[in-house]
Amino acid sequence: MVSPSEPSHGGTPAEDSFLELLAETLENLDRVPRGLFLQRFFKTIAQLDLSESVSSEYWDRILERRRQLADTLGKPISLKAAMVDVLASSTYLRVPVLMEYDDLKKLQFNAATDPLTELYNRRLFEEHFDKELNRALRYNQHLALVILDLHQFKEVNDRYGHPQGDLFLKTAAATLRKSLRTSDYAFRIGGDEFALLLVHSDAEQANTLARRIRTNFGSAVESVQASVGLALDYGIAVFPADGDQKDVLVRIADQRLYEMKHLQRGANVQQPQPQAPSGTATAPFHPMGAPAAPAPSTQPPPPASPARSEKRKWERVSLAGTRAHAQLADKPQSTARVVDLGYGGVALEMDASEELGQRFSAVLHVPILPPVRVALKKIYQVQTSGGKMRVGCAFVS
């Protein structure tokens, strides 16, 4: 069927030719087969449930209406125009459909997708999130939300222009499509912001997928990044562990996304520091929804005392029970257990026999996450049971 948007090149549209041929054929049919055919015809084109006799009556009215319009206007009138006029004025057809099917599908596609990336748009994100969260609540299943954005995207636009930025957005969208299962959803929810809904996925599965997406995107844009460190940052929230309300999950995922961005920025500041010992990975440290990002502490150091009653400026995330540890850069064979981690610093536990200076460097290793080299300033040091020593440190630039 020819779309109305396509030029006719001076000929008769295909649907008009079909209706003219149909009219000539029906003139030579007997009353019964004619009525049967027209009954099915009106059911197909307008979803009308008419009897055979009423269908024949309406067809005759359409032919008569075409003759009237042709006489009035002094030019040939298509059967399609006469058909719409008669059916729209009847009591049967309350809402006439005047759009070609292909155009209707195109309109539906445009209403649900982002025109640049062809991912689902924010409106559909809101609808699908409600639906999938209700399903997860009803059947007690996991649902993971991943919010992503392009790290240093503004610098790309400023330095190389918006066409290059659009290319990176399309590359990000293509990476998401290639990485997801058929049951998952990908959306563009803002300028350089994307969201994923991962059905039946827990935190570990969501973290694994997000890391793979980040790696695949880095490989896809590596040859054209030039000096801009473009990357996909992300934050993850999982139902039911992080909450059972949509706004809560969005807030947590968004917070963890910005924790990753701040921590990435903090890791970049450490680049002028001495390199880690041979064999130690120095990739940027990216939080997967737990540790907050390091930032230089602007508060004066509290007194070194076991009783720390003051309220922390930044909330700490406990890493007890994990294999999180720090490798001391000045003592490659010495390691310390990471007790907790926060936006402003880290708490370490080690043998009491270890001696640390007021400032030192370490490489943090947290499960699932890449290692990161950080510069630390000792804030306090206390003795614990079992011959251990706990050291509280602030990140410094």
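Aromatic pairs in a predicted model

Reader: Why is the pair of F37 and F41 called stacked?

Author: The ring centres of F37 and F41 are 6.3 Å apart and their planes stand at 15°; planes under 30 degrees apart count as stacked, so this pair is stacked. Both residues lie in helix 2 (residues 31-46), four residues apart, which is about one turn of the helix.

Reader: What makes F41 buried or exposed?

Author: The relative accessibility of F41 is 10%, and buried means under 20%, so F41 counts as buried. F37, with a relative accessible area of 35%, is partly exposed, because that class lies between 20% and 50%.

Reader: Why is the pair of Y120 and F187 called tilted?

Author: Their planes stand at 40°, with the ring centres 5.8 Å apart; stacked needs under 30 degrees and edge-to-face over 60, so the pair is tilted. Y120 lies in the loop between helix 5 (101-112) and helix 6 (122-139), whereas F187 lies in strand 2 (residues 185-188), so the pair ties together parts that are 67 residues apart in sequence. Y120 and F187 also belong to a cluster that ring pairs form with F125, F129 and Y185.

Reader: How do you know that R61 lies over the face of Y58?

Author: R61 is at 4.8 Å from the ring centre of Y58, and the rule asks for CZ of Arg within 6 Å of the centre and within 35 degrees of the ring normal; R61 is accordingly listed as lying over the face of Y58.

Terms used
Residues are numbered from 1 along each chain as its sequence is written. This is a predicted model: local features need pLDDT of at least 70, side-chain atom pairs count only at pLDDT 80 or more; totals for chains, interfaces and linings use all residues. Side-chain values use heavy atoms; hydrogens and water are left out. Rings of Phe, Tyr and Trp (its six-membered ring) pair if their centres lie within 6.5 Å; planes under 30 degrees apart count as stacked, over 60 as edge-to-face and the rest as tilted. Helices (H or I, at least four residues) and strands (E, at least two) are DSSP runs, numbered from the N terminus. Buried means under 20% relative accessible area, exposed over 50%, partly exposed in between (1.4 Å probe, protein chains only).
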